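Subject: Structure handover

Hello,

Please find the structure below, with the sequence alongside. My notes come after it.

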Amino acid sequence: MQVRDLNDGVIPVFLPVFPSSEKIGFYIDEATRSGQFSNGGPLVTRLEERLAGHFNIPASRVAMCSSGTAALEGALATVSSAGSPVHLPSWTFTATPGSALRAGLQPTFVDVDESQRADFPADTSLAVDVLPFGARADWYRSGAPRQTVLVDAAASFDACRDFAFPEDRKVGVIVSLHATKALPVGEGGVFFSNDEAWVAEFRRWSNFGMWGSRVSQIPGTNAKMSELTAAVAHASLDAWPAQRLQWLELRQRAQEISSSMGLTAAGVESDLAAPYWNIQLEDQAARTRLESLLQVGGVETRRWWGDGCHTMPAYHDIPRGRLDRTEGYAATVLGLPFHLGLKSSDFNRIRTLLERFLDDGEL
Ligand SMILES: Cc1ncc(COP(=O)(O)O)c(C=O)c1O
């Protein structure tokens with residue numbers, strides 16, 4: 001795997017890694033030999049089979065896509081009719097509400113709970129459940145069964161291993177394969193479900209609304225994954241077992257630092273490989289001070305989900321109730337550098353700056 005070399009002394013908040021051109025080339029040669037570069041070629045088909053093994057479901061329930069965002073839109077467009085209501089959190093990346101609007105649905109923003117997961121009303125018929133920052137799906141909200149759930153598991157590739165579907169509802173899941181995610185492909189996504197008909201409809205949507213004929217049966221788009229992207233995905237998947245261990249080692253290091261300082265790690269379980277190190281500060285002023293201190297010390301940070309989607313002009317018209325927790329997270333969560341290029345000296349610098357921040361009594 002290759003990591004970009006940086007010499008400016010700043011620790012970037014994220015640094016994408018990519019399989020070597022030699023490893024990708026091995027699969028591209030295969031595409032060249034097959035003479036097929038898109039339209040469900042052999043590399044995409046085999047990728048669906050390999051990912052089905054990871055999710056532990058039949059390959060007929062897995063469909064590749066051009067991006068995680070397109071997968072969200074396609075999943076929503078094929079599970080409900082235009083104008084249908086859908087509930088989703090504001091505490092997410094802009095792709096979630098944007099896809100719901102593009103699918104022609106009528107979203108409502110809901111607040112999140114103490115684990116940053118959406119709190120849905122009991123009568124929700126369609127919900128988009130966002131797994132924050134690589135978290136695992138759990139179904140403890142099963143007291144309020146909904147007919148259909150689309151899980152936005154954009155960063156949860158590792159957490160989707162042996163995915164445990166609940167028995168009482170239709171569930172679709174999207175995972176992003178963007179360059180900043182755990183299984184980096186550049187741009188790409190995957191949709192899988194416990195409902196084979198939903199996946200078949202999704203495939204049609206991603207191929208102009210047609211499959212097996214040249215007649216569009218539903219309004220669709222072109223959101224297929226090409227064989228060239230699939231070549232990168234295969235090479236990434238080959239590197240995944242070793243990389244997963246690297247992610248876990250880094251997470252352990254990050255957690256040691258957070259917990260030795262009594263900082264609340266607003267993140268995922270320690271047994272999951274996910275590309276985020278978020279901490280939660282006491283209040284907004286403390287976060288602003290820490291951001292400045294880290295910036296001066298050459299450490300990049302990011303407010304990954306900004307002020308919450310409900311504050312964005314594109315979503316002003318989306319109805320919402322009280323979003324107290326969302327606003328709380330938006331004001332206090334801060335993303336620290338976390339990527340496979342992090343060195344021991346980087347962790348030491350971050351630790352020293354955090355110590356200085358705490359010694360100043362700023363928390
Ligand atoms: C929660 C969430 N949903 C959806 C997406 C979109 O995925 P993609 O970048 O593959 O379109 C992202 C990407 O960061 C995300 O964080």
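This is a predicted model: local features need pLDDT of at least 70, side-chain atom pairs count only at pLDDT 80 or more; totals for chains, interfaces and linings use all residues.

Residues are numbered from 1 along each chain as its sequence is written.

Whole chain. The chain has nine helices and 12 strands; helices (H or I, at least four residues) and strands (E, at least two) are DSSP runs, numbered from the N terminus. Its C-alpha atoms fill a box of roughly 70 × 50 × 35 Å along the principal axes. The radius of gyration is 21 Å, which agrees with the value near 21 Å for a compact globule of 363 residues. That radius is taken over C-alpha atoms, and the globule rule is 2.2 Å times the number of residues to the power 0.38. Of the 363 residues, 46% are buried. A residue counts as buried if 20 or more other C-beta atoms lie within 10 Å of its own, as exposed if 12 or fewer do, and as partly exposed in between, with C-beta atoms placed from the backbone. Among contacts between residues at least 6 apart in sequence, 62% join residues at least 24 apart; a contact means C-beta atoms, placed from the backbone, within 7 Å.

Helix α5. Eight of the 11 residues of α5 are buried, including Trp-198, Phe-202 and Trp-205. The buried residues pack against β3 (62-65), α3 (68-77), β8 (170-176) and β9 (189-193). Ala-200 also lies in α5 (residues 196-206), but is partly exposed because 16 other C-beta atoms are within 10 Å. After α5 comes Phe-208, with a positive phi near 65°.

Helices α7 and α9. Helix α7 (residues 284-296) packs against helix α9 (residues 344-359) at about 140°, with the axes 10 Å apart. The angle therefore makes α7 oblique to α9. Axes are lines fitted to C-alpha atoms, for helices over the stretch in contact, and angles run from 0 to 180 degrees between N-to-C directions. Under 35 degrees is roughly parallel, over 145 roughly antiparallel, 65 to 115 roughly perpendicular, and the rest oblique. Leu-290, Leu-293 and Leu-294 of α7 make the contact with Leu-353, Arg-356 and Phe-357 of α9.

Regards

Notes:
Two residues are in contact if their C-beta atoms, placed from the backbone, lie within 7 Å.
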